Amino acid sequence: AEPTPTMLASALADMDTAYTDASSRAHSLPNSQYVDVMAGAIAGVTFVPGVYKWNTFVHLTGDIYVQGGATDVWIFQVQEYVTTSAAVNVVFQGDGISHGTPTSDNLVWVVGKYLVLGATCNMHGTFIVAAYVTFGAASHVAGRILARAAVTLDSNHFGYLSPPPSPPPSPPPPNPPPSPSA
């Protein structure tokens with residue numbers, strides 16, 4: 001169906017509901033472990049399931065790791081903006097306890113202002129952004145991008161970061177014809 005103003009208004013209302021819900025969740029523990037991690041300049045950190053809050057910005061200067069199971073949830077609440085250096089990756093890791101590894105559906109980024117990804121980044125999650133999103137060249141997102149204003153793309157890819165499944169094996173070669181008996 002062709003988009004209509006009513007459909008757009010409904011989608012924006014749904015996005016606002018999701019933004020309000022995710023941004024109003026209390027952080028996981030009443031200690032600084034889940035608030036303003038590394039003062040917002042983040043690289044090499046492993047995040048276990050929970051709700052994390054930054055009162056200002058987040059700048060990813062290197063890879064981050066999201067560790068847990070397939071049903072765990074991470075919510076990253078960022079009051080202002082999220083930016084990344086080039087070639088930053090969000091890497092999912094199983095926890096060795098739960099079955100499976102995290103998925104892009106289980107990671108939510110709630111961003112109060114804007115999101116700017118550097119070139120060739122590999123990101124995961126649902127990004128709910130109050131203003132705009134800008135992607136550096138050849139950045140890849142496994143997940144969804146929801147923004148109230150503009151989304152600027154530059155040769156980007158959306159979908160799964162893992163390689164596609166292998167094709168089924170080839171059938172065995174046909175049996176050779178029987179040899180004539182002497």
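**Exercise 1. Work out whether Tyr34 is buried or exposed.**

Solution. Start with the number: the relative accessible area of Tyr34 is 7%. Next, the cut-offs: buried means under 20% relative accessible area, exposed over 50%, and partly exposed in between, with a 1.4 Å probe and protein chains only. So Tyr34 is buried. Keep in mind that this is a predicted model, where local features need pLDDT of at least 70, side-chain atom pairs count only at pLDDT 80 or more, and totals for chains, interfaces and linings use all residues. Residues are numbered from 1 along each chain as its sequence is written, and side-chain values use heavy atoms, with hydrogens and water left out.

**Exercise 2. Describe how the rings of Tyr34 and Tyr52 sit together.**

Solution. First, the rule: rings of Phe, Tyr and Trp (its six-membered ring) pair if their centres lie within 6.5 Å; planes under 30 degrees apart count as stacked, over 60 as edge-to-face and the rest as tilted. The structure holds 13 aromatic pairs. In the pair of Tyr34 and Tyr52, the centres are 4.7 Å apart and the planes make 35°, which is tilted. Now place the partners: Tyr34 is in the loop between helix H1 (5-23) and strand E1 (41-42), and Tyr52 is in strand E3 (residues 50-54), 18 residues apart. Helices (H or I, at least four residues) and strands (E, at least two) are DSSP runs, numbered from the N terminus.

**Exercise 3. Follow the rings on from Tyr52 to Phe76.**

Solution. Check Tyr52 first: its relative accessibility is 3%, so Tyr52 is buried. The ring centres of Tyr52 and Phe76 are 5.5 Å apart with planes at 80°, so this pair is edge-to-face. This pair also links distant parts of the chain, with Tyr52 in strand E3 and Phe76 in strand E6 (residues 74-78), 24 residues apart. Phe76 is buried too, at 1%. Finally, zoom out: Tyr34, Phe47, Tyr52, Trp54, Phe76, Trp109 and Phe127 form one aromatic cluster.

**Exercise 4. Find the bridge partner of Trp109 and the sheet around it.**

Solution. Look in strand E11: the partner of Trp109 there is Phe127. Strand E9 (residues 107-111) and strand E11 (residues 122-129) pair in the parallel sense over four bridges; two strands pair if DSSP finds at least two bridges between them. Then read the open sheet of six strands across: E3-E6-E9-E11-E13-E15, with parallel pairing. Its edge strands are E3 and strand E15 (157-158), each pairing on one side only.
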